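Visitor: I would like to go through this model with you. Please set each value beside the rule behind it.

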Amino acid sequence: MEALKQPWPWYVAGPLIGLFVPLLLLTGNKGFGFSSNLRHLCAAVLPGRLDYFRYDWKAQGGWNLAFLIGTVAGGFVAVQWLGTADVVLSDATRSALATLGLGDLSGLAPRELFNWTSLLTLRGLALVVGGGFLVGFGTAYAGGCTSGHAIAGLADFQLPSLLAVLGFFAGGLLATHLLLPLLL
Amino acid sequence: MGLVTYLVLGVLFGVTLTKSEVTSWFRIQEMFRFHAFHMYGVIASALLVAAASLALVRWLGLRTAAGEPIAIAPKSMGRGHRYWLGGTLFGVGWALTGACPGPLFALVGSGLSVMLVAIASALAGTFVYGLLRSRLPH
């Protein structure tokens, strides 16, 4: 139990995450892919006349939405009963973030950027609202996110997933090295 | 399998993402700055285990709990534009929010309630894609 309360190393977490691919297939031919839920939620709330959202979301996405509710609960369980600790970041990242003016590196995300009042600032809006929009638009356009492309897709040697993952990193590098210094 | 199975798997997923700090904006920064192996270790070992278990499932000819053959729909390449373009846009969002879709939801459970706004915005992004889909290169 004590070991569970420490941060989990990559060689424990990674293999566990990888096992979701066979587990979801064996329980009912479900494809590991979290961002499909964004489409299912849109289809549930705003069916409208768009073809993209006109399908039986309960039949196709019901299992995934249950998985989503579980994921929220899992985030709660982890911080409530399995301990919290500040991230032990590398010194290089600490000093890079200090250069950007971020002093408080406690918690899971910078408190000065990710809080409700920061939504009234340009940088807060850019990170939370702008970033969120691109996550939703980009994953829908690319047909998947980290789970569907970087893990499930690459594990099945799908070439489109390799293109998508190269895009993920190109975009992430662009935002980290060009956008963040402008925004923060 | 019933929804409860997927709910339980989701809890395990959320706990794993949170305890391994994959949901941390700081860890995503560390990854995109190539300052630590942690995130690469998580993604690479997940991929390795997923690929090995897929190969095993196929080699053993395993079937689903309901007895159906395992089937994975191949993604269609088309001209391929959607993958690198959409992927790049998502990558920018990933670095800005510090979270991909799973972690966005896990973070709400962890108490970072402002991520509800990021989720609402992500839903708007998916909706706008639905609106523009016929006009975008795929």
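Visitor: How many residues does helix 6 of chain B have, and what span is expected at 1.5 Å a residue?

Guide: First, the ground rules. This is a predicted model: local features need pLDDT of at least 70, side-chain atom pairs count only at pLDDT 80 or more, and totals for chains, interfaces and linings use all residues. Residues are numbered from 1 along each chain as its sequence is written, while chains are lettered from A and ligands numbered from 1 in the order in which they are written. Now the helix. Helix 6 of chain B has 18 residues. Helices themselves are DSSP runs (H or I, at least four residues), as are strands (E, at least two), numbered from the N terminus.

Visitor: Which residues of helix 6 of chain B are buried, and what do they pack against?

Guide: Among the buried ones are B:Met115, B:Ile119, B:Leu123, B:Phe127 and B:Tyr129. Buried means 20 or more other C-beta atoms within 10 Å of the residue's own; 12 or fewer is exposed, in between is partly exposed, and C-beta atoms are placed from the backbone. The buried residues of helix 6 pack against helix 4 and helix 5 of chain B, and also against helix 3 (36-45) and helix 6 (122-142) of chain A.

Visitor: Why is B:Gly14 called buried?

Guide: B:Gly14 has 31 other C-beta atoms within 10 Å, so B:Gly14 counts as buried. B:Gly14 lies in helix 1 of chain B.

Visitor: What makes A:Ala73 partly exposed?

Guide: A:Ala73 has 19 C-beta neighbours inside 10 Å, so A:Ala73 counts as partly exposed. A:Ala73 sits in helix 4 (residues 57-81) of chain A.

Visitor: What does A:Ala73 touch, leaving out residues up to four places away in sequence?

Guide: A:Ala73 touches B:Val11, B:Gly14 and B:Gly109. Contact means C-beta atoms, placed from the backbone, within 7 Å. B:Gly14 also has contacts in both chains, including A:Gly70, A:Ala78 and B:Ala106.

Visitor: How many residues of chain B are in contact with chain A?

Guide: There are 103 residues of chain B in contact with 110 residues of chain A. Helix 4 (81-97) of chain B gives the largest share of chain B's side, 16 residues. By class, that side has 63 nonpolar, 31 polar and nine charged residues. Nonpolar covers Ala, Val, Leu, Ile, Met, Phe, Trp, Tyr, Cys and Pro; charged covers Asp, Glu, Lys and Arg; the others, Gly among them, are polar.

Visitor: Why are helix 8 of chain A and helix 4 of chain B called oblique?

Guide: The axes of helix 8 (residues 159-183) of chain A and helix 4 of chain B cross at roughly 40° and come within 6 Å. Under 35 degrees is roughly parallel, over 145 roughly antiparallel, 65 to 115 roughly perpendicular, and the rest oblique. The two helices, helix 8 of chain A and helix 4 of chain B, are therefore oblique to each other. Their contact has 18 nonpolar residues, eight polar and no charged.

Methods
Two residues are in contact if their C-beta atoms, placed from the backbone, lie within 7 Å. The expected span of a helix is 1.5 Å times one less than its number of residues. Axes are lines fitted to C-alpha atoms, for helices over the stretch in contact, and angles run from 0 to 180 degrees between N-to-C directions.
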